[in-house]
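Trainee: I have a new structure to read. Could you walk me through its features one at a time?

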Amino acid sequence: AKDEDVDYMVKLLEYNDDDDDDVVDDPARAFVKYAAAPTSSGKTASALVGFLASAEKYKEETSFTHYLYLAFANNNGTVFKLRKMSRLSQDVDVAEKQGAAFALECLRKRLLDTTSGEKETDLDVDPPLMSETRDALKKLLDDHFPEDARILVHLDEHRDMCWLKSMLDQSAAFRQGFMETIADVERVTVLATYTAMPGEIPSTSSSGTCRYPVPVPPLDLDQVIADVEELRWPTNVTEFNKKEKRLWATLKFRLAAKLTKAGLLGLHLRRFVGFRKKFKEAATGAKTNVEALKACVGLCAVAFDSLTMDDPNAVKLLLGVSDKYRKDSKEDELVRQIGDVVVVRTGSSNQLNQSTTLLTSSLGRLLSINQEMLTAPFDHLHIVYRAGRTRLADVLEKSTDDLSATPLEASYAWTLSCESARTGVLRFATSPLFKIECESLEAGRFFVGDDETKYSAQKLEENVIYYVDERPGTTTHPLGDIFFRTKKNQVVLIDIGGSLTWNEFKKKRN
């Protein structure tokens with residue numbers, strides 16, 4: 001992961017948010033921070049990385065000094081478990097108290113029992129009041145840590161601490177009592193990691209404990225390429241020409257998608273050892289960079305599951321949703337049901353309130369669902385979503401001879417067309433508002449041949465977003481990768497400059 005992404009995660013872990021733009025550490029409100037991401041994405045390891053960065057790099061008043069790891073599944077069998085789950089109370093209030101009591105016992109075992117293996121605890125059928133358990137937990141921590149300690153308690157695989165299909169509400173109350181009891185203790189920060197969010201904790205509350213999303217630092221592909229000997233490119237990539245840069249950008253995107261699908265551990269599995277060997281042979285065995293890049297792009301082709309189900313919220317998931325809705329609202333219900341949830345950063349490193357993160361789903365899931373057909377005025381969303389989804393899947397899977405776009409161009413066409421279809425407008429940074437309600441995503445050309453002085457806007461249909469048709473055998477489009485005509489008859493050209501330097505971009509823009 002890049003240092004700036006780790007730093008951002010650390011800042012969100014260290015500080016609380018009072019709903020204003022300024023960062024305020026608010027002791028009156030407790031938070032359960034959570035990092036949600038698909039399996040083998042590095043979310044568990046990132047918690048320890050974040051703690052070490054806080055403890056060793058910053059060494060400020062807000063920095064963490066101690067790290068307590070509580071795993072409820074995996075972890076080579078060293079996990080905290082409940083004995084006799086049948087004792088879980090049918091009364092949700094009692095179940096919440098049982099969760100609080102279990103939290104106290106888990107922390108006690110974590111501090112006093114250093115052996116490995118399962119650490120089982122009997123369910124307390126007559127648990128004490130929440131306030132009594134909280135006071136006992138605070139005393140436990142006070143007895144074991146100095147007064148100025150700031151403790152990060154990491155709850156890994158938090159859903160597995162208590163989950164009974166026949167008692168879903170009681171299980172949720174149990175987990176809520178567990179997490180809130182720890183989070184309510186001053187100088188303790190709770191980080192919960194799992195493939196799903198802790199939906200039992202509300203996202204907003206006038207008082208009490210709220211959940212708070214923390215992005216898992218994304219994979220730093222440049223670092224992977226630098227560290228894995230077989231993936232290092234044999235020539236200087238900074239000297240690539242335009243065609244080589246385009247292929248290099250496609251290669252990196254495909255490689256990242258392949259690693260994301262396999263999980264970070266995939267690099268070390270037997271099937272990837274063979275892939276790494278073939279990658280090095282392809283990179284070093286060709287006569288030219290273009291031939292080598294094409295061969296490696298072909299090796300990195302990745303296929304995702306074909307469409308398996310319709311989802312009424314597919315477009316919303318693609319574009320990202322906030323995790324800041326009133327409990328039990330329709331929006332909150334959507335958020336809590338996201339599969340393979342991924343927290344993404346949208347703000348700068350200086351913006352630390354909750355509005356600088358969005359929730360989406362993994363690339364694999366977004367490519368395996370389709371927007372369910374809705375009634376007017378949103379009956380066209382499924383057409384646009386499917387067109388963009390199919391094109392990106394083709395770009396990731398097809399051979400280099402069939403490629404008509406980079407994955408980045410296909411990704412932007414997909415998301416921009418869905419944003420336009422959902423909202424009826426598009427805006428780019430400081431640009432004016434462009435009114436277009438996309439009803440179709442299609443291939444097309446604005447310029448005649450490769451001459452940027454010859455073009456025709458007459459054939460551009462309203463409410464259609466076009467991506468450049470550059471299939472093999474066609475001439476290069478001189479400017480723009482995506483274009484459309486607005487309701488005011490403006491023609492907007494969008495250039496996706498993923499492989500351009502800043503000077504090349506300015507020259508192209510002017």
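Trainee: Which residue in S7 stands opposite Tyr34?

Mentor: Strands of a sheet pair through backbone hydrogen bonds, either parallel or antiparallel. Two strands count as paired if DSSP finds at least two bridges between them. Here Tyr34 stands opposite Pro213 in S7. Strand S1 (residues 30-36) and S7 pair in the parallel sense, over five bridges. Helices (H or I, at least four residues) and strands (E, at least two) are DSSP runs, numbered from the N terminus.

Trainee: What should I know about the model before going on?

Mentor: It is a predicted model: local features need pLDDT of at least 70, side-chain atom pairs count only at pLDDT 80 or more, and totals for chains, interfaces and linings use all residues. Residues are numbered from 1 along each chain as its sequence is written, and side-chain values use heavy atoms, with hydrogens and water left out.

Trainee: In what order do the five strands of the open sheet run?

Mentor: The order is S2-S5-S6-S1-S7, with parallel pairing. Strand S2 (66-71) and strand S7 (209-213) stand at the edges with a single partner strand each, so one side of each has no neighbour in the sheet. From one strand to the next, the twist averages 25°. Axes are lines fitted to C-alpha atoms, for helices over the stretch in contact; angles run from 0 to 180 degrees between N-to-C directions.

Trainee: Which helix lies across S1, S6 and S7?

Mentor: Helix H1 (residues 3-14) does. H1 runs at about 125° to strand S6 (188-194).

Trainee: How do I read side chains along a strand?

Mentor: In a regular strand the side chains alternate between the two faces of the sheet. Take strand S4 (residues 119-122): Lys119 and Thr121 point to one face and are buried. Buried means under 20% relative accessible area, exposed over 50%, partly exposed in between (1.4 Å probe, protein chains only). S4 pairs with strand S3 (residues 80-83) in the parallel sense over four bridges. There, Arg83 stands opposite Asp122.

Trainee: How many aromatic pairs are there?

Mentor: Rings of Phe, Tyr and Trp (its six-membered ring) pair if their centres lie within 6.5 Å; planes under 30 degrees apart count as stacked, over 60 as edge-to-face and the rest as tilted. By this rule there are 19 aromatic pairs. Tyr67 and Tyr69 have ring centres 6.4 Å apart and planes at 15°, so this pair is stacked. Tyr69 counts as buried, at 18% relative accessibility. Tyr466 and Phe483 are also stacked, at 5.3 Å centre to centre with 10° between the planes. This pair links distant parts of the chain, 17 residues apart: Tyr466 is in strand S15 (residues 464-468) and Phe483 in strand S16 (residues 482-485). Tyr466 is buried at 6% relative accessible area, and Phe483 is buried at 1%.

Trainee: Which residues form one aromatic cluster?

Mentor: Trp233, Phe240, Trp248, Phe272, Phe275 and Phe279. Phe279 sits in helix H8 (residues 270-285) and is buried, at 2% relative accessibility. Contact means heavy atoms within 4.5 Å. Beyond its neighbours within four places in sequence, Phe279 has contacts including Glu230, Trp233 and Cys296. Phe279 and Glu230 are 49 residues apart along the chain, yet their C-alpha atoms are separated by 6.8 Å.
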